[in-house]
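Colleague: Could we go through this model together? I'd like to hear what stands behind each term.

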Amino acid sequence: MLVIIALSSGSQMENIEKIFYMLDFNNDGVISSEEYELVTSDIFLLANERKVSMSTQDHLTKLTYEEMDSNKDGEVDLKEFIKDQTLM
């Protein structure tokens, strides 16, 4: 509920930045693959996607993370995250 309230105000760009900082658990300015894996596994649980195998979940997580990591340095910074989100 708190996330919905936090994202209900502000522009699209402000909301994307809020999501980025929610995913950056250790506040180091980047989303690591480990942080992203934690979030995506929770999303699969919340979506009640029992039909999707763990290997498929892992593959989708890795694929989407690699897509966001446009400079291929193994981390997703705010600039990359914004770029990926605004392409949708």
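Modeller: Happy to! H4 supplies the largest share of the lining of the second largest pocket, 7 residues. This is a predicted model, where local features need pLDDT of at least 70, side-chain atom pairs count only at pLDDT 80 or more, and totals for linings use all residues. Residues are numbered from 1 along each chain, and side-chain values use heavy atoms, without hydrogens and water.

Colleague: Why are H3 and H4 called oblique to each other?

Modeller: Their axes come within 10 Å and cross at roughly 130°. Angles under 35 degrees count as roughly parallel, over 145 as roughly antiparallel, 65 to 115 as roughly perpendicular and the rest as oblique. H3 and H4 are therefore oblique.

Colleague: Which residues of H3 and H4 meet?

Modeller: Ser33, Tyr36, Glu37, Thr40 and Phe44 in H3 meet residues of H4 including Leu60 and Met68; contact means heavy atoms within 4.5 Å. The contact residues divide into 5 nonpolar, 5 polar and 1 charged.

Technical notes:
Axes fitted to C-alpha atoms, helices over the stretch in contact; angles between N-to-C directions. Helix = DSSP H or I, 4+ residues; strand = E, 2+ residues; numbered from the N terminus. Nonpolar A, V, L, I, M, F, W, Y, C, P; charged D, E, K, R; others polar.
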